[in-house]
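Biologist: Please take a close look at the charged side chains of this model. I would like to know how they are placed and what surrounds them.

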Amino acid sequence: MILKIKSKILCAFLTASLALSPVCMAPAWAADEQDVESEADSWRYQDGEIIAEEDVSFTDADEELLEDYNAQMGSSQEEEQTEESEMSAQSATKKNKYWTWGGGKYKRGPGYLKGIDVSYWQGSIDWKKVKKAGVDFAIIRCGYGPNKSSKDDSRFAGNVAGCEKYGIPYGVYIYSYAHTVSQAKDEADHAIRLLKKNKCKLSYPVYYDLEDRQVARASNATIVKMANAFCKKLSKKGYAPGVYANLSWWETKLSKFKHYDRWVAQWNKKCTYTKDYSIWQCTSSAGVKGISGRVDANLLMIPKARMDDYMRYSGVRYTLVEENGNTYAVDSWGNKVKNKFIKIEHYTYGFGKDGIMVKDRKCTLKHKTYILDRKGRAYINKSKTLKDAPYYSKKGKGKIGTLKKGTKFYVLRTSGDWSKMADGNWIKTSLTKKTVRYPDIEPSKTVNYKAVVKEKTASYSGPSRKYIKKKTFKKGVTVKVIGTYKKWSKVSTGQWLPTKKLRKK
């Protein structure tokens with residue numbers, strides 16, 4: 001990039017500087033009109049241009065990768081084939097057990113999802129063809145450097161729209177030029193601004209791309225602080241954050257980074273990073289239909305046992321679907337939800353072992369109990385009005401009528417000082433009183449012993465003082481404990497007491 005400087009004195013100074021140094025690069029945090037992207041300089045960029053990866057030779061006889069895969073996943077060939085048959089929604093079948101791209105051959109299996117990361121450099125992408133090609137997810141660059149519109153990735157909005165249109169789960173990354181914590185926070189604001197502007201529906205984290213030589217100017221301790229500052233700011237805004245770096249950076253500069261997700265770049269037949277990570281960028285030379293030229297290829301390396309935790313962490317979206325007259329929920333990768341409660345758009349739903357939504361009854365799954373209505377929604381509590389109370393179609397707007405004093409109703413959720421009733425209308429919480437509180441927690445441990453109440457203490461309808469207050473037990477009374485949950489004990493008469501108030505008899 002040529003800087004146009006009118007001053008002859010400055011030109012002379014610049015010329016002298018060039019003569020003394022083999023590299024003269026203006027800092028990326030300089031003037032607004034500067035084209036920061038043209039300065040990208042790292043292990044994979046030179047003067048803003050992507051450095052093409054040399055072809056890596058692989059053969060069909062390379063079974064080492066498959067053995068490593070089996071060892072990591074703890075499964076046999078037969079188990080893998082069973083898992084593959086269950087991943088039809090992810091384009092994984094027994095006939096499609098391998099991916100071959102960028103000269104590499106990879107085994108598809110549970111937790112090994114095929115992804116790409118893209119930016120302005122991939123140009124116009126035909127996301128329909130990308131979807132048909134079997135790509136399971138994408139990580140999209142939103143921008144680079146400081147929080148200025150001139151540093152936005154011009155293809156970001158179009159790539160987001162393409163992924164959402166064709167149902168490709170996606171995450172986001174921003175290329176960093178920061179070498180101070182304050183600059184890292186500003187780059188976090190850059191990402192947040194674009195996420196909000198484009199109303200992104202993320203299924204994967206927001207990653208901080210740490211690779212540029214400007215970033216390397218900072219000490220290792222500062223780089224870790226920068227990574228944490230970026231991630232903390234994203235996390236406070238409700239996004240799942242993470243960091244991208246190559247293997248060398250992870251083992252040296254970021255060795256003390258602990259608290260957030262990791263995306264590791266190692267262009268090799270296997271990833272040799274020994275700490276926890278979620279995504280492995282295995283090559284920069286993938287060929288995917290719908291994309292002109294090469295593209296970075298990634299594998300989601302989440303063992304099946306960790307998938308639920310990863311999904312909760314990264315904010316994976318669930319969708320309700322109808323099938324043969326039953327209602328199910330599927331995650332961003334097409335997997336059905338089974339034997340658990342999940343939250344979708346403010347409401348909690350329960351799904352049995354067969355994946356079918358539970359409706360119109362009490363349901364207990366993994367020590368949690370909810371009362372579910374005819375639409376499968378869980379009640380938060382049951383309440384009654386303290387006096388005649390108006391109710392509205394919206395919070396405080398669109399009055400519909402008035403509930404008489406003592407009227408009982410179910411509450412689906414609360415927002416501020418307002419409660420949403422099962423019929424969808426809103427009532428002011430201060431005009432009501434809880435009569436039953438849900439969810440009603442079941443004991444996590446079943447026990448059977450007698451205990452003596454050490455001192456006078458109140459009992460509650462659930463394992464917390466937030467539940468409805470019940471009878472008061474006098475000192476010296478003998479009770480039968482039938483279960484415990486955290487620091488609470490449930491007695492045979494149905495009440496909960498603090499365990500510290502009891503002594504085994």
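Modeller: A residue is called buried under 20% relative accessible area, exposed over 50% and partly exposed in between, with a 1.4 Å probe and protein chains only. The areas come from the Shrake-Rupley method with a 1.4 Å probe, and for residues only the protein chains shown count as cover. The model is predicted, so local features need pLDDT of at least 70 and side-chain atom pairs pLDDT 80 or more, while totals for chains, interfaces and linings use all residues. Residues are numbered from 1 along each chain as its sequence is written, and side-chain values use heavy atoms, without hydrogens and water.

I begin with the paired charges. A salt bridge requires a side-chain nitrogen of Lys or Arg within 4 Å of a carboxyl oxygen of Asp or Glu, and six are counted by this rule. One of them joins Asp152 to Arg193, with the closest N and O atoms 2.8 Å apart. Because Asp152 lies in the loop between strand E6 (137-144) and helix H5 (156-165) and Arg193 in helix H6 (residues 181-197), this pair ties together parts 41 residues apart in sequence. Helices (H or I, at least four residues) and strands (E, at least two) are DSSP runs numbered from the N terminus. Asp152 is buried, at 15% relative accessible area, whereas Arg193 is partly exposed at 26%.

Asp189 and Lys233 form a salt bridge with an N to O distance of 3.0 Å, and the pair links helix H6 to helix H8 (residues 220-236) across 44 residues. Asp189 is partly exposed at 26%, and Lys233 is likewise partly exposed at 26%.

A further salt bridge, between Asp373 and Arg377, has an N to O distance of 2.9 Å. Both of its residues are buried.

Lys384, Lys405, Lys408 and Lys433 make up a positive patch. Patch members have over 30% relative accessible area and no salt bridge, with like charges joined within 9 Å and nonpolar side chains (Val, Leu, Ile, Met, Phe, Trp, Tyr) within 5 Å. Lys and Arg count as positive and Asp and Glu as negative, leaving out His and the chain ends; each charge is placed at NZ of Lys, CZ of Arg, CG of Asp or CD of Glu.
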